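Me: I have a model open and would like to go through some of the labels attached to it. Could you take me from each value to its label?

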Amino acid sequence: MRAMRMVAVAIAGMTIAAGAMASLARTGSAAALEHGRLRLFYVQKPIGLETYEITRAGDAVELKSDFDFTDRGGRVQLAATLRAARDLTPLRFRATGKSYRFVNVDSEITIDGRAALVRADGATETVTVPQTFFTVDGYAPFAVQMLLVRYWRQHGRPPVIQTVPGRPVNDVVIEHRGRETIRIGPQSLVLDRYAIDGVVWGRETLWLDDSGAIVAAITRAGGLGFEAVREDLEPMLGDFVQRSIRDRLGDLEAITRSVPPLRRGSFALVGATVVDATGRPPVHDAAILIRNGRIADVGPRADVSVPAGTPIADVTGKTVIPGLWDMHTHATQIEWAPVYMAAGVTTVRDMGNELEFVTALRDAISSGRAVGPRVLAAGLVDGGGPDAFGVVYAATPEAAPAVVAKYHDAGFEQIKIYSLLTPAIVEAICSEAHRFGMTVTGHVPNGMTIDQAVSAGMDQIAHLAIRGDAGSDDVNRTIANLKARGTVIDPTQSWNELLGHAAGTPIAAFQPGVTKIPPPLNRLFSNAGVAGIDAATARARVERGLRIVKALHDAGVPVVAGTDEGIPGHSVYREIELYVEAGFTPLEALQAATIVSARAMKLDREAGTIEPGKRADLAILDANPIDEIRNIRTVRWSIAGGRMYESSALWKSVRFQP
Ligand SMILES: [Zn+2]
């Protein structure tokens, strides 16, 4: 899971005095028109509470909401007020605090006719708003989204509703998805289900009852599933999750229909330079024959016999590489699937997700119903206790077999160790996983060193958990130990760089992809970075990591490219570029994201290079990354399992610029 511990992300931001929060927490005061309490869950683990009340304020109404949770020991609090006219047209909006561990919120909007004075992230601007508009800043608090839906219903259900703060406004799409009955004991409750797209990147689900009060909501925070359920309906959480998953997969199937493959079945790619990632020199003016999802033949054009009648895709001047791998993702929303395919990523390893979601996504893609990369999954397990992460725990070694069996039965390739496990439990999980032919990756648990983690049986390590400097005796000893044991490292250097950059340095200075992401993601990342350090200090930290990555590589420890999400799709490119900055050749960096990853997952016989018999998982680029690694960003088409897609259409399908 996102390596929050790596950098103390001291983002300049506001914290709210505990007293102010406590006063907001009281609900149901005499003047309240409405009030509500929602239990908050992160990846289905109960972590907090949102309370809200709506009062009359003269001719207006005022919503006050207090959103408060604790995740892995860190408290997150957000206070929001929204004053609106009787028809719910916003008059004044204010949100202060945090909506997620590293996401600061400090925004204030004052409306005067068509002019909105927007103060957000320290900048103030006047934005002209249309006749129908709303104020909402991120997924939290849910009560604001409840009023957004009510506003939309009262204003003729427009196909698009513009919201501030945005860039300068956001386009939000709300759809009524149907009415459904939820049963709890003898009670049955009829709810309206809404899909909301654009408040955050990706679609959310909101349920309102017949009075318009929010009953449940499912969104994503920091990439992972975040749920809210009316307090008395907590036992129905799993039901809401399942309904939301069905909704989202329906959305992905609709996206898939809107961007059909350009080619499938049998066809040949002719005229490109092929960099097959085996280490052999590039083949110029090559032909690749694809049949039934596999590479039937590849080589110089003259040596490949293409049967008469086979459709030919002329890719003269382009470069074909194996489809890329992202070995550290959390593919927790359907929008990741088109993003990865657009970026040329045809295989991802999921490193922690809702089991129900990731298996549904994996199966929709593998069955051909949905566009997306092949999904391999590592099942997350943490120790017990209040600070544990997720909902799968092993508090004792005796709990290991049930955890491993649960993931094995669900078709997971790996187990992912999380931070609170003790050495004895890690050992029990590893030996049980190995018995099933599964491998084990993950964090080095708190209180263990990387050497202890691999001694306990971990086959792979996520993030660069090596203290000290490259070249020191300690680091050399650790690297020799990893080499001897065949440990695979997924160092997530692009993630460290993204979170650890100096707050004053624009992300675009090292990650040009940030200019292409949708506005809600842009707002999220515009707050990232470390305050109080300069660019040189941030860069020195990155380089310390890169020197260790290079030392691992030189020693023969397999390094695989993983992002921990970051800037969707684009962080894969950055990870590869950073390996070249570390001193890998461009080919070696490309191999880290293809064949070395495939080998780490024991799939190198069927993927990872461009060779006959392997899966037709390919990326077709405008320029050759072997000449200049930045050319990795020029993906024009992607092919997964023999289906060829145009990148630009896929990017646009999830609101990215191509
Ligand atoms: Zn992660």
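Reply: Gladly. A residue counts as exposed when its relative accessible area is over 50%, and as buried when that area is under 20%. Please keep in mind that this is a predicted model.

Me: Then why is Gly-437 called exposed?

Reply: Gly-437 has a relative accessible area of 54%. The cut-off for exposed is over 50%, so Gly-437 is exposed. Gly-437 sits in the loop between α7 and β25 (439–442). Gly-437 is also eleven residues from Met-448 in sequence, with 25 Å between their C-alpha atoms.

Me: What makes Gly-317 buried or exposed?

Reply: Its relative accessible area is 58%. Exposed means over 50%, so Gly-317 is exposed. Gly-317 belongs to the loop between β19 (312–314) and β20 (319–322). Leaving aside residues up to four places away in sequence, Gly-317 touches Gly-271 and Asp-622. Gly-317 and Leu-546 are 229 residues apart in sequence, and their C-alpha atoms are 33 Å apart.

Me: And how do you know whether Asp-106 is buried or exposed?

Reply: For Asp-106 the relative accessible area is 19%. Buried means under 20%, so Asp-106 is buried. Asp-106 is in strand β6 (residues 103–112).

Me: What makes the pairing of Asp-106 with Arg-119 a polar contact?

Reply: The two side chains make that contact at 3.5 Å, and the limit for a pair of N or O atoms is within 3.5 Å.

Me: Let's turn to the helices. What describes two packed helices?

Reply: The angle between their axes and the distance between the axes.

Me: What makes α9 oblique to α12?

Reply: Helix α9 (residues 473–485) packs on helix α12 (residues 535–555) at an angle of about 45°, and their axes are 10 Å apart. Roughly parallel requires under 35 degrees and roughly perpendicular begins at 65, so α9 is oblique to α12. The crossing of α9 past α12 is right-handed. Here Ile-479, Leu-482 and Lys-483 of α9 meet Ala-551, Leu-552 and Ala-555 of α12. Five nonpolar residues, no polar and one charged make up this contact.

Me: Why are α6 and α7 called oblique?

Reply: The angle between helix α6 (residues 400–409) and helix α7 (residues 423–435) is about 45°, with axes 9 Å apart. That value falls between the limits of 35 and 65 degrees, and α6 and α7 are therefore oblique to each other. α6 passes α7 in a right-handed crossing. Ala-400, Pro-401 and Val-404 from α6 meet Ala-428, Ile-429, Glu-432 and Ala-433 from α7. The classes here are six nonpolar, no polar and one charged.

Me: One more helix, please: which residues of α11 are buried, and what do they pack against?

Reply: In helix α11 (residues 519–526) they are Pro-520, Leu-521, Asn-522, Arg-523 and Phe-525. The buried residues of α11 pack against β7 (115–120), β11 (170–184) and α10 (493–500).

Methods
Residues are numbered from 1 along each chain as its sequence is written. This is a predicted model: local features need pLDDT of at least 70, side-chain atom pairs count only at pLDDT 80 or more; totals for chains, interfaces and linings use all residues. Side-chain values use heavy atoms; hydrogens and water are left out. Axes are lines fitted to C-alpha atoms, for helices over the stretch in contact, and angles run from 0 to 180 degrees between N-to-C directions. Helices (H or I, at least four residues) and strands (E, at least two) are DSSP runs, numbered from the N terminus. Angles under 35 degrees count as roughly parallel, over 145 as roughly antiparallel, 65 to 115 as roughly perpendicular and the rest as oblique. A crossing is left-handed if the near helix is turned anticlockwise from the far one by less than a right angle, and right-handed if clockwise. Contact means heavy atoms within 4.5 Å. Ala, Val, Leu, Ile, Met, Phe, Trp, Tyr, Cys and Pro count as nonpolar, Asp, Glu, Lys and Arg as charged, and the others, Gly among them, as polar. Buried means under 20% relative accessible area, exposed over 50%, partly exposed in between (1.4 Å probe, protein chains only). A polar contact is a pair of N or O atoms within 3.5 Å; within protein, one must be able to donate a hydrogen and the other to accept it, and residues adjacent in sequence count only if both atoms are side-chain atoms.
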